[in-house]
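Visitor: I have a model open and would like to learn how to read its features. Could you walk me through it?

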Amino acid sequence: MIPSVGDILRSLGDPHTAFERLEDIEPLGLQPMRTTLFTEFAVRWRGSRWLLCTPAAEGAADAVERIAARLRGTSSRFMTEYLLYRSELRYTDSSGRNRLCDILMHRLPAGIPLASLSGIDSRQRLLAETDDMQREFAAAGFSHNNLKPTNIIVTPDERLVALRYHMASFGAATTADAEAFDSLRRLISELPENGSDPMTACDAEPAQYSAVRFDEGCRPESRECEQMILISRNGLFGYADPSGRTVIEPRFCEASDFREGRAEVRTDEGAGLIDKSGRYVISPRFEYVEYRDDCGITLARLQGTWTAFDYEGRPTGLRNADVAALCEALSLKLNKKIEL
């Protein structure tokens, strides 16, 4: 039996009673991501960010059990923790029956996916990292088998960490990932180096790189989205315009790209929602918030109580069970768009 997205969302709303060993997790968003075997939710646990992965197909946990067991004792700077917890989640299905669900926890290193990079500090550094990763994987007899740019995280010091080992295999030194590594090298070779001459940065089409120069101390963290670029400085996040001029000073602990003029942010006080002027549409006092651009509604939780806000940040009157039902309806609709 596979739990629905709504089942998981309700469990995340009350982790202390729903989870056996993960009762202290803190959800970081309500928007799931689907892979072939799992549905992923971003959470905070043990002081780090993780992907909480729930089965999206029958036998998903069985398919990765051997992989998780092998990786539990593996130490590599190119990989991150991949932990399988059997019968971890307790939930009630649509027929009212009590069920148990396996949970896969996958730690997220600091950084952004290679697929989201618009520029790099050192192309040679990343190419050397790619070479080292390929050699280490081959020496260990490990084949990732899904080395897409979305599954490679580039850390703030421009090191590489592979994610999502669901398709991995083990054996003698292999060339199963050779083509994928070559594709990664081509992608890295096409990325401009920050501060390089945009006319000679690479042979890519102009749309694939940018000549933007950001204010001193600021670096881009994502591609331009709705005329805004997420930037960071000294570990805090803010936003710049397409010319690189800072328009919202870096003051947030966490921040997202803008969608329909709204962005989720987090401060020391909590999570909130801002507009493009940096004004709080929803004050940063919640455990987490998520703006749903598929309907213009923001969902927020505070001390176990769910609230839904409209586009202008006004409460809609929906709470708890009503919000959970809304989450399930929206997530099931959204999942159809994001199959990988």
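Visitor: How many bridges join strand 16 to strand 17?

Guide: Before counting, note that this is a predicted model, where local features need pLDDT of at least 70 and side-chain atom pairs count only at pLDDT 80 or more, while totals for chains, interfaces and linings use all residues. Residues are numbered from 1 along each chain as its sequence is written, and side-chain values use heavy atoms, leaving out hydrogens and water. Strands of a sheet pair through backbone hydrogen bonds, either parallel or antiparallel. Here, strand 16 (residues 254-255) runs antiparallel to strand 17, and two bridges join them. Two strands pair if DSSP finds at least two bridges between them; strands (E, at least two residues) and helices (H or I, at least four) are DSSP runs, numbered from the N terminus. Ala255 has Val265 of strand 17 as its bridge partner.

Visitor: Which strand is joined to strand 17 by four bridges?

Guide: That is strand 18 (residues 271-274), again antiparallel. Glu264 has Leu273 in strand 18 as its bridge partner. Strands 17 and 18 form a hairpin with four residues between them, and Gly270 in the turn has a positive phi of about 150°.

Visitor: Which way do the residues of strand 17 point?

Guide: In a regular strand the side chains alternate between the two faces of the sheet. In strand 17 (residues 263-266), Ala263 and Val265 point one way, Glu264 and Arg266 the other way, and all are buried. Buried means under 20% relative accessible area, exposed over 50%, and partly exposed in between, with a 1.4 Å probe and protein chains only.

Visitor: Why is helix 1 largely enclosed by the rest of the structure?

Guide: Helix 1 (residues 5-12) is largely enclosed because seven of its eight residues are buried. Those are Val5, Gly6, Asp7, Ile8, Leu9, Ser11 and Leu12.

Visitor: How do helix 4 and helix 5 cross?

Guide: Two packed helices are described by the angle between their axes and the distance between the axes. The axes of helix 4 and helix 5 (residues 178-190) come within 9 Å and cross at roughly 170°. So helix 4 is roughly antiparallel to helix 5. Axes are lines fitted to C-alpha atoms, for helices over the stretch in contact, with angles from 0 to 180 degrees between N-to-C directions; under 35 degrees counts as roughly parallel, over 145 as roughly antiparallel, 65 to 115 as roughly perpendicular and the rest as oblique.

Visitor: Which residues meet there?

Guide: Among them are Leu126, Met133 and Phe137 in helix 4, and Phe181, Leu184 and Ile188 in helix 5. Contact means heavy atoms within 4.5 Å.

Visitor: How many disulfides does the structure hold?

Guide: A disulfide is a covalent bond between the sulfur atoms of two cysteines. The structure holds zero disulfides, taking one as a pair of cysteine sulfur atoms within 2.5 Å. Cys53 counts as buried because its relative accessibility is 0%, and Cys101 counts as buried at 3%.
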